[in-house]
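Subject: Structure handover

Hello,

Here is the structure I said I would pass on. Please look it over before reading the notes below it.

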Amino acid sequence: MAARLRHARWLVYIYFRCLGQQMKAILAYEADFVILMISAGLVQITGFLFIWTIFQRIPDINGWTFWQVVMMMSLIFITEGVGSLFFEGTWRVSRLVYNGNFDMYLVRPVSPIVQVLAGAVGFNGLGNIVTGGALLAISLSNAQVQWTPGRALMLVILVVSAATIRVAINLGTAASVFWIRTPWSLVPFFVHQLGEFGKYPITIYSLAVQAMVVVVIPFAFVSFFPVAYLFNMEAWSTIGLLTPLVAVYCLFMAVWIFRFGLRRYESTGH
Amino acid sequence: MALIEAQGLTKKFRQAVKEPGLVGSLKHFFTRQYKDKLAVDHIDLSVEAGESVAYLGPNGAGKSTTIKMLTGILVPTSGRLVVDGLVPYEKRQKNAKNIGVVFGQRTTLWWDIPVIESFNLARDMYEIPAKRYKQNLAEFTELLGLDEFMNIPAGKVSLGQRMRADLCMALLHDPKMLYLDEPTIGLDIAVKDSIRKFIRRQVDERGTTVMLTTHDLGDIEDICNRIVIIDNGKIIHDGDLAALKDNYARDRVIHFQLARPPVSMDPICAGLPACDLKSDGLSLSVRFDRFEFAAGEIAAAVMPYVEVIDFRIDEPEVEDLIRKVYLGQLTLDAPDSAAETTELAVATEA
Amino acid sequence: MPHPRKYLAMAKASLEVIFVYRAGWTVNLIGSVFYVVAMFYLWQTIFLSKPGALGTFTWPQMKAYLIVAFILNSTMTWFDEWQMGQDVREGRVAIDLARPVDFQMTRLASAMGPIPFELSSAITIGAIVAIIFGGIAFPSDPAHLALFIVSAALAVLLKFSIIYCVSMTAFWTTGMEGVSNARMAVQNIFSGALIPLVFFPDWLRALASVLPFQGMISTPALTYLGTMDGPTTAFMIGSQAVWAFGLLLFGRLLWRSAVKAVTINGG
């Protein structure tokens with residue numbers, strides 16, 4: 001058991017070593033990351049503009065006020081940013097496998113999953129995190145939340161859990177390349193688009209869609225339930241407490257799916 | 001106990017089949033058809049520690065598939081495979097510590113970070129003791145001339161530089177096995193030479209076992225002792241390189257440059273096997289079996305009759321040999337019969 | 001245009017590529033449907049809670065607007081700045097220059113090749129979504145339908161010319177992802193894909209009217225709905241044409257100067 005723990009710590013160390021090196025390289029050699037960050041910010045500003053324009057015409061969406069919806073959006077942005085900045089590697093898997101470069105991960109004595117996660121850095125993520133963080137802060141200050149130390153701690157846990165769920169979804173769907181060979185990340189993109197549903201209160205959707213984003217690909221736990229908890233909204237808030245558990249579950253599922261896909265890759269060789 | 005022990009190793013693939021053209025594409029969109037391919041067909045292979053094996057075959061013969069199974073990337077369909085006491089595909093990460101891999105066409109270095117940082121990451125990944133790492137790094141840097149580009153990202157160095165760095169990367173952790181896939185492809189002659197010498201040195205000094213797949217026969221000549229040829233998934237030859245040349249590549253050709261055309265060919269060619277005089281009358285070639293005649297004998301037979309300005313000797317070409325094998329013009333002994341036999345199973349085109 | 005057969009072959013080739021990557025392309029399309037469906041639910045909720053929020057649009061008209069936007073967004077998805085970035089980065093530009101074909105035309109041919117397939121898939125999916133949500137509005141008469149088709153064609157050409165111009169930045173940057181994302185973000189707002197431009201506050205609407213993006217979605221969609229009067233419709237479609245061809249020309253100029261700069265520097 002102690003050996004497993006030590007090994008896990010070593011894997012985390014390797015992850016940070018790889019990621020750190022790539023970050024340094026980008027900062028040193030690539031001036032384009034500024035464009036990336038700015039464009040990410042632009043995307044979010046347009047999203048914010050959209051919501052703002054809508055709320056010019058209506059007072060609320062199913063009882064959800066402007067700042068609550070903005071907060072939902074900010075959580076989507078922040079978690080998107082974390083996924084890009086720290087775990088962009090999940091988006092490179094398709095191209096690696098397609099070009100035959102994935103084998104390089106398999107001949108090293110390190111878990112391929114860790115290598116995948118450490119595989120790339122997307123600096124647009126920093127733009128997402130900053131803008132998303134700003135939006136979150138602004139919406140929190142504009143909303144009426146009863147703050148307790150417990151609630152504040154819960155906020156941190158919720159953001160971390162939301163990010164974990166997002167990354168787990170990226171990792172699990174990245175494994176699809178072991179079944180469907182393409183040079184682009186297709187299934188990950190497809191599922192990522194489901195995140196669109198996470199931008200608005202799920203009460204506006206039909207039951208089928210709700211089931212999809214709550215149970216199947218739990219985007220609702222990235223934005224809807226955490227915000228519901230923070231604002232103590234009806235029955236949803238207690239479900240919001242489940243978010244960390246959902247995060248752990250998603251992580252396990254993602255790792256399991258990826259390993260399963262790896263086994264298939266190793267037997268079909270494609 | 002051999003380092004690599006493979007028995008009845010087999011790999012079968014299912015491949016999608018598509019007809020050409022737009023109609024074919026449409027059909028392929030809606031239904032897929034498959035056919036089975038036996039890439040590796042029950043091969044037996046045994047490699048001792050310290051051997052240096054060339055693994056040859058035409059494209060599609062099953063070379064990369066075999067190597068992938070040996071490195072643990074691919075799971076065999078059937079058969080037994082043990083490398084240094086481990087089953088590679090079952091204990092892949094553990095096996096990884098024992099092996100170094102150089103893919104000629106792809107790199108194991110990180111693309112965007114300086115080469116030295118890739119090495120440092122390798123040190124952490126393979127958990128190489130600091131002292132050993134420093135030693136190896138210093139030695140390889142010197143032997144491979146890495147200083148000049150150590151701080152440049154792998155994506156920005158030349159192909160030759162990248163190959164040298166890949167080699168260093170593969171050997172930093174003192175692996176027992178080194179797998180090389182087309183290591184000198186696309187390189188200029190000077191770099192090829194230094195890389196071959198370097199690899200040979202690892203075999204000689206450190207006892208590293210090397211398995212090399214290549215189309216470049218210069219690689220084989222400089223690096224390998226043993227040659228294994230695979231075709232259509234089956235091993236069609238497995239033996240000592242020197243014995244191969246002795247048995248199948250016995251011809252040498254000596255070319256004489258003459259001052260004047262000879263008066264008559266008969267006295268010259270009397271005791272000689274194959275004489276050939278070029279149309280300008282000034283180039284005379286004699287092809288002979290090097291076990292039957294010495295070059296000096298041939299020269300002694302020719303020189304009394306003509307004035308020789310210059311001469312040169314062509315050595316037996318492994319290249320010709322291999323080409324003939326690939327073209328099906330030459331069938332070598334099956335792997336289990338020893339190479340000392342003087343009976344040649346030769347089927348040449350008439 | 002000399003030798004149209006060449007360009008036809010290129011169009012066919014890029015269509016074949018889609019067939020080979022069948023799973024991928026279908027998945028890509030369905031992924032973009034989620035965005036539309038989310039929009040549908042959102043607007044439906046808005047409409048149901050406060051019908052006046054849709055302004056002069058009826059609910060069937062709003063739905064039609066969203067579907068038309070979706071279909072137009074789904075065409076020419078195969079062509080983006082990334083491809084151009086790759087061409088420049090991998091030195092394919094030099095190879096293309098050596099070929100006896102016009103660079104912009106070849107890109108146009110490849111971009112247009114998949115269109116029949118994209119259109120048929122997008123229309124099918126759009127129809128399904130429309131039916132599920134209770135039907136949409138249709139053009140009031142054949143004249144409007146014809147105008148719509150003209151406007152839609154111009155919209156697609158405009159999309160190409162915008163992307164082509166933006167992709168010229170490939171000669172000066174190393175990564176196209178940021179540029180592409182920025183273009184898409186700006187395009188999303190100012191084309192009217194996210195929200196009909198009439199809903200914008202005045203200052204934003206004024207800005208949108210001087211930009212080319214409205215010709216990508218808003219103009220054809222409004223033509224479809226017939227909500228603009230005759231002169232306005234003519235003017236808007238005219239603007240589309242002016243922008244589309246103007247940017248095509250501008251793109252050619254950019255290309256020429258970029259190539260000149262590159263060949264001088266030996267990049």
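The notes below cover confidence first, then a sheet in chain B, then chain C.

Please keep in mind that this is a predicted model. For chain B, the mean pLDDT is 82, and 87% of the residues reach 70 or more. Within chain B, helix α4 (residues 115-125) has the highest confidence, with a mean of 95, while strand β11 (residues 274-277) has the lowest, with a mean of 66. The pLDDT is below 50 over residues 334-350 of chain B, a stretch that still has 18 contacts in the model beyond near neighbours in sequence. Where pLDDT is low, the predicted coordinates should not be read in detail.

On the sheet: chain B has an open sheet of 6 strands, in the order β5-β6-β7-β3-β8-β9, and the pairing is mixed. The edges are taken by β5 (99-103) and β9 (234-240) of chain B; each has a single partner strand, so one side of each is left without a neighbour in the sheet. From one strand to the next, the twist averages 15°.

Inside that sheet, strands β6 (residues 177-181) and β7 (residues 209-213) of chain B run parallel and are joined by 5 bridges. As a reference point for this pair, L178(B) has V210(B) in β7(B) as its bridge partner.

Helix α2 (residues 63-71) of chain B packs on it and touches β3 (52-56), β5, β6, β7 and β8 (226-231) of chain B. The direction of α2 makes about 150° with that of β6(B). Helix α9 (residues 241-248) of chain B also packs on the sheet, where it touches β8 and β9 of chain B. Its direction makes about 95° with that of β9(B).

Now chain C. Its secondary structure consists of 12 helices and 0 strands. How does the radius of gyration of chain C stand against that of a compact globule? A compact globule of 267 residues would have a value near 18 Å, and chain C has 19 Å, so the two agree. The C-alpha trace of chain C spans about 60 × 40 × 35 Å along its principal axes. Of its 267 residues, 44% count as buried. Among the contacts in chain C with a separation of 6 or more, 82% are between residues 24 or more positions apart.

Regards

Note on methods. Residues are numbered from 1 along each chain as its sequence is written. Chains are lettered from A and ligands numbered from 1 in the order in which they are written. This is a predicted model: local features need pLDDT of at least 70, side-chain atom pairs count only at pLDDT 80 or more; totals for chains, interfaces and linings use all residues. pLDDT is the predictor's confidence in each residue, from 0 to 100. Helices (H or I, at least four residues) and strands (E, at least two) are DSSP runs, numbered from the N terminus. Two residues are in contact if their C-beta atoms, placed from the backbone, lie within 7 Å. Two strands pair if DSSP finds at least two bridges between them. Axes are lines fitted to C-alpha atoms, for helices over the stretch in contact, and angles run from 0 to 180 degrees between N-to-C directions. The radius of gyration is taken over C-alpha atoms; the globule rule is 2.2 Å times the number of residues to the power 0.38. A residue is buried if 20 or more other C-beta atoms lie within 10 Å of its own, exposed if 12 or fewer, and partly exposed in between; C-beta atoms are placed from the backbone.
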